[in-house]
Structure formats: C-alpha cells, structure tokens
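Me: I would like to go through this structure term by term. Please set each value against its definition.

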Amino acid sequence: MSRYSPGLTINNIKQVINETIETNILRKPSPTRLRELIRNIRASRTAAEERAVVNTECAYIRSTFRETDCIWKCRNMAKLLYIHMLGYPAHFGQMEALKLAASPKYTDKRIGYLGAMLLLDERADVHVLLTNCLKNDLNSSTQFIVGTALCTLAAIASPEMAHDLAHEIERLIASSNTFLRKKAILCAFRMVRRVPELMDEYMPKCAAFLNDKNHGILVSTITLVTEMCEQSPVVLNYFKSSIPTLVRMLKTLIVSGYSPEHVVNGVSDPFLQVKILRLLRILGHGDPDQSEIMNDVLAQVATNTETNKNAGNAILYETVLTIMNVESENSLRVLAVNILGRFLLNSDKNIRFVGLLTLVRTVQRDMTAVQRHRITILECLTDADSSIQKCAMELSFSLVNAQSIEMIVRELLKYLATADADMKSICSSKIVSAAELYSPSVHWHLDVLLKVLTITGNNIRDDVISSTIQLISNAPRDEQSFISGKMWEAITNMNQLENRQPLVQVAVWTLGEYGEAGNFDEDELIEHYRQLLWAPQLSITTKQYILVSLAKISVRMEHCTANIQNIINTFRAHLNVDLQQRAVEFSTLFTSYGHLRAALLEKMPTLKISDMASSEYNSDFTASEDAQPSTASPSAESTGTPLEDRSNQDILLDLLGGDSFGSGSTSSATTPSPMQQQQQSAPNADFLDLLGLGVNGNTIPSTVISNSVPDVGATTITVFSRDNIDIRFFIRKEADYAVVTVKTTNNSLNMLDKYMFQVAVPKAFRIRMQEPSSTVMLPGESIVQDIHVERLNATVSGVGLRMKVRFSYEIGNYSMMEQTDVNEFPPDLFI
C-alpha cells in the first residue's frame, strides 16, 4: 500500500500550471488590441494596404472563433465590430455574438449584445435564437444586465420578438427601479413603432407616469405618448385629458425650472420643454377647445425664452411649429412669424436655414404676417450658402402677388445672374409663370422675359421659350414693335450668342413675324442672319428658327429677296437633313411656287395662350388675397361622350379594368390661383391625367375643408408602407358622404419635399379633395389631407368604392413616384 505523498501532488500541480501557461500564452501570443488595429488601419496610405490589414485581422479572428478555449473572445469581437463599421463584411461573427450574449459574465454579455445589435437584423435566421437569451436576461436580478437586454430588444426587435417579450416589458414598466422603468418605456416606444397594436397596455400606465417627479421617466413617457398619439386617433383622444398637466409642467419649467442639474446655457431643461411642446402640437391639432388651453403658455414660452443660445432657439423653433399647427389665435401666429424673422437675422447660417424652411412650411397659415418680412427674405437670396439661397427663392415665389411682383422679380433677377445652372432653370421658369399671373403691364412683362432670356442663357427651360413667343404674339402692335427692337439689339450687341441660344431663337422668330415694325437697316439684318447661319457654335434647332425667319423676312422686305434666296440655296446641300429639306422647300417657293410664297409665309395668327402655364403655376404660388373659391362644375353625367365615339383613352381604361373609373380628382398642395378656371371634358379625363395621358378633365371642385384628426370610431386602412413612407386611410361616415383622412408619415431620416397626393375613383362616385396640411415632411413628421367621397347614383349598388392612388415627392435631388390600388373600403360605407 503506497503512502500519501504531498510533495508529489504539489509537483503535479506545478507541472499542469506550467503546461497551461506555455500552451495558452507562450505558444499563442495575445492578439492585437483594438487600439493597435485602429492605429494600423489609419496608418495605411492606400486602400489596398487597408484591405490587407483588415483581411489579415479577419483571418485571425475567424481562426480564434473555431477554438473553444480562447480567452480573447471579447477583444476579437470588438475588433470585428470596428471592421464592420468600416464597411467590411463581418457576418461570420453573428453566432459568436450570440454565444457571448448567452455568457454568464457581464463583460462578455455586453459585447455580445452590442455585436447582435450591429450584425443582426430581422432577415437573419439566427435572429430568432436571441429571443430566449433576451427573455432570461430580462428576468435577471442585476439591473445592468436587464438594461443591456432592453437596449438590444429596442434596437433589433422584430414583430414576432415584440409579441413574445411584450409581457416582460409590461412588467418592467411597472418596476420600482427608475433606471429599469425608464429603459422599459423607451423600449416600449420602439416596439409600438414596429407593432402598433401593443399600445393598448401602455396607455393607463403612461397617463400615471406624466405626474412622476423623475426627469428620465418624464422624458421617456412623453416620447412614448407622442408616438402612440401619432399612431392612433383613439390614443390621441385619450390623452387630450392630460393637456392641463402638460401645460402646468411647462409653466413650471419656465418660471422655476425643473432642477439645477438640467439647466443648459441658462435655459431650464430644454429637452423636456421640446418634448412637451411637440406633444402639445399633436394633441391640439384641429381642436380649438384644447388649443385655447395652451395659448397662454405658448405665449409665455415665446416671449420669455432667450435667443442668444442654441438651446433657446431650439425651444422657440418647437414653439413656432406648435403655434402654427394648433388652432391658435392670430396674435400668436404673428408672434411666431416674428420669431422666424429674427431667425433670419441670426449670424448662424444653420438657424437662418431653419427659419426659412419653417416659413416655407407655414406661409399658408398667415400670409400677411410673412409679407412683413419680405425684405429680409429677399436679402437671403444673396447669402453665401446655396441651401439658404434655394430656400429663400422658394419662399419668395410664395410671397408673390399683384402688389409685390415688381420688387420680388427685381431681386430674383439679381439672384438669377449668380445662381448655378440647375437653379437658373428652375428660377427662370417660375419667374415667367409669376409674370404671367401678376404682371402690371405688357411692357413690363416683355422686359422681364427679355432679361430672363439674357441672364439664363442655355439653361432655360423650353416652356419659357414657348411662353415668351405666346406673349409676343398676343401683345399690342406698339409692344411688338418695342420688343422687336429690343431683340435686334440683344443679338447684335452681345457676344457669345452660342451660350444664349434660346434668346436667339425667340429674337429671330420675333423679327420674322414683326420685323417690318422695327427701324432696321435691312442689308445689315440680312448680313447678320448670314453670319448666324454659318456660325458653327449654334445648334441645329437655332438654325432652323433662323432659316424659317429668313424666309418670312423675304415677304416683309421685298427688295432683299434675292439675297435671302441665295442664302437659303446654300443650305440645299447641307449635311443636316432637316436644314437641307427646309432649304429645298423654301427655294421652291422662290421659283416654281412664287405665287404661293406670300400666302404661306404670312404672319402667324395670334397664338392662344395655353392653360398649361396657369395650371403648372398653381404648384408654386399662392392665390391673391381677394381670390374666391371655385364654383361647382357640371357633373360627370352632363359631359358624357356617345358610345359610338369611344376614344383610345376609353379603350385603355377597359384594358386596365377601369371601365367604371371616370371622375377623378387630382390635388396639389397649393391654393388655387385667381386665373385658374374649371374646364369641361370627358368624364374619364382626370383619371387619364393621373396616368399621364394629358387630357383635360372634368374637374370636381375642391372645397376648403379643415384637415382634422379622424374620430375615434374611424376605420383604418394601410395603403402604403414601404421605403420608410407610411400612408394610412382613416374612414368615417357622415350623413350622405364619407370622409377619408389620408395620413402620410415620413419614417426616414431625410426631409421629403414637394409632396403631392392624387386619387381616381369609379364614375359612380365624386370626390372633393382638400389641400394637404403641408408639402414638406421632416423626419418623423406627417401630412394630413381630407377627401370627401360622395356616391352620385344611390341606386347603383353593384359598384363598390375603389381608389387608384398616386403620390410623388422629392428627396434630396431625386424625384420619387408611387402608385397603388385601394380596394379594402367597408362594404356598408354608403348604405
């Protein structure tokens, strides 16, 4: 029997320790630290060197993930996440992130959950494996583990995961631990955004939390309530009873402050003030009674907040938006516009831009108050920042009326001379449209068009050329003589005509039609035409104008016919087929058909001013103050077309399955102009216009109806939910018609501009569309628009309500357009 040997046992233990150290440390050196990896990547002088460093490190990290006894998992995962943030593939670390999240150690769990938030999304199959791990950690006794799990759930929760873990969130919201309660409320905010039906359980708790004294609980609760009110009209109506509480809280912040530690640059708790103002804006929208409660506190905030710090400016910005979106008093709206006017005088260009952008969005609410700041707005056209210039230009066109047209156009022409090519094209077209509506005289109008053609050069739109020619054609004879002389001076005294070819085109057309009215030297005129025709810099289109004008001049100036004929004959062998054909045909008029030349080349009849200009103009300008609402137009039945005279458009409707579609209505986010008139046409016209077929429609009058949040009992239909755009219909039934409230929400991180919503319905229905609440959507904001739907023939029961919907908007420099069908209307809507 062997005796126990303590020395032998100690020696064995030492041997095991030495082998372990040699195996794990000496033979496997510690990996590169995250700080060293960042230094190596930044030291790379080329993209190839950076890729080499990243690929080497990724290969090492992959090899360590295959090992089961690696002690550097956290360090390797941190490096992989940094590599992922640089844009390199890191999907192979998903399972390792889940393993670390399931670790009992908090240090491992923290980096594992961070990896899950960055590397996982709903489309990853391993996403569902995280649910059980989150559920266990939400029930942990350590508050930091629970808080980390809540952050992860808020970041990557799918609808299925939100449903599975909703009970744990409800339990934590009622926790006595304020740290966990705040995180649970914010997690509920993210889950409600993904799964709106979960909000029912949070409403009573949030109403109680609004009286909580903890700052974090207050801010997070107001955030959750704001989201729920935006999602559901029922919740919105529920929380209207909390408006006095919010008003009292805001007054306390203004008078005494919340606590010293929450003061920022002398402003008492600006974050909480902004949250409260945003919630009040939603609760008071379209409700005069509730808006009356908050009028006093809004006036106090607007007058008592300091403007020399960004924190104060942020509060004033939210105050202005709240005043403009609720049913506030006229004096408050004037005060809000004056605050924006002070923003325009701020030295910080960001504040100036915010002021201009807000004025663009709110100018329709109080045009008179904005007009008082017209000079300041026009001064922004000379700002060095191009974004401010563009915003000031859009706002300037919104302020155009018969009284201000001359001053605004004068400043816009100065801006046009220094604008870039893209802005010249837009600005020149809008100046022409504004002049068509509000010009004080034909002489002034022609002078403006000449300046626009001169300044804009080749960047002008084609519609400007056609509009100028139409105006000259309709001008009195003395004005035609005046503009002919001006056009002749413009093309003879200016250099670089190749950069102003639209001006040349309009000038030669004018001289060809009305050249005899000007006092020109005829030989000089013909010689100048010869130089223009042989100038290699001019385009073929411009030479086509010149050749036609020269042929017409031959009738006006008989003794120059021989010279003109010689010039035209030289183009009979031109390389361009179009110019060659024109020259051959005109030469024939000088020889074989000379007796027809005078009749064929006589002056064109007065051109009819197209309706296109006024209809396009309405998308950019507001009506004058004395404009009256449109009157009712004939019904669809009175303008029907005979069956035997079916057009191609009718056949197209049959192919689209839209034989029952006839009376449509399109709505742009603008006020009708004084010149806009109702047109009569086929009943299918507006629907065809919605499809871009370009025919006149049977316009249904657009009456002024107040946009409002739908009633509690409204039926909800999700129309479109893609690309961070969410459109919902809230339908309620009135006495003899239905009201469809369209709510469009921008869930992206970018601003959407020039929003337009269009609708077509079957011929059995008629719709009246109100202007939308805005045409601009900032991130997280919504646009509301009401549609009144009326059945024209109550005896027709087989045709249910359907809608073809199209909406468009601009995001950045891109124009987006979507179209969809809505067929889920309640069958008993018109019973």
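This is a predicted model: local features need pLDDT of at least 70, side-chain atom pairs count only at pLDDT 80 or more; totals for chains, interfaces and linings use all residues.

Reply: Numbering runs from 1 along each chain as its sequence is written, and side-chain values use heavy atoms, with hydrogens and water left out.

Me: What makes a residue of the protein chain count as buried?

Reply: Buried means under 20% relative accessible area, exposed over 50%, and partly exposed in between (1.4 Å probe, protein chains only). By that cut-off, 50% of the 831 residues of the protein chain are buried.

Me: What makes a set of residues a nonpolar core?

Reply: Its members are buried Ala, Val, Leu, Ile, Met, Phe, Trp, Tyr and Cys residues joined through side-chain atoms within 4.5 Å. The largest such core has 179 residues, and Leu130, Leu153, Tyr202, Met228 and Ile431 touch the most other members. Apart from it lies another core, of 31 residues, including Leu752 and Phe825.

Me: How do you know that the length of helix H6 agrees with its residue count?

Reply: Helices are DSSP runs (H or I, at least four residues), numbered from the N terminus. The expected span is 1.5 Å times one less than the number of residues. For the 14 residues of H6 (residues 106–119) that gives 20 Å, and the end C-alpha atoms are 20 Å apart, so the two agree.

Me: Which helices do the buried residues of H6 pack against?

Reply: They pack against H4 (73–85), H5 (94–101), H7 (130–138) and H8 (143–156). Among the buried residues of H6 are Ile111, Tyr113 and Leu119.

How values were computed
Helices (H or I, at least four residues) and strands (E, at least two) are DSSP runs, numbered from the N terminus. Contact means heavy atoms within 4.5 Å.
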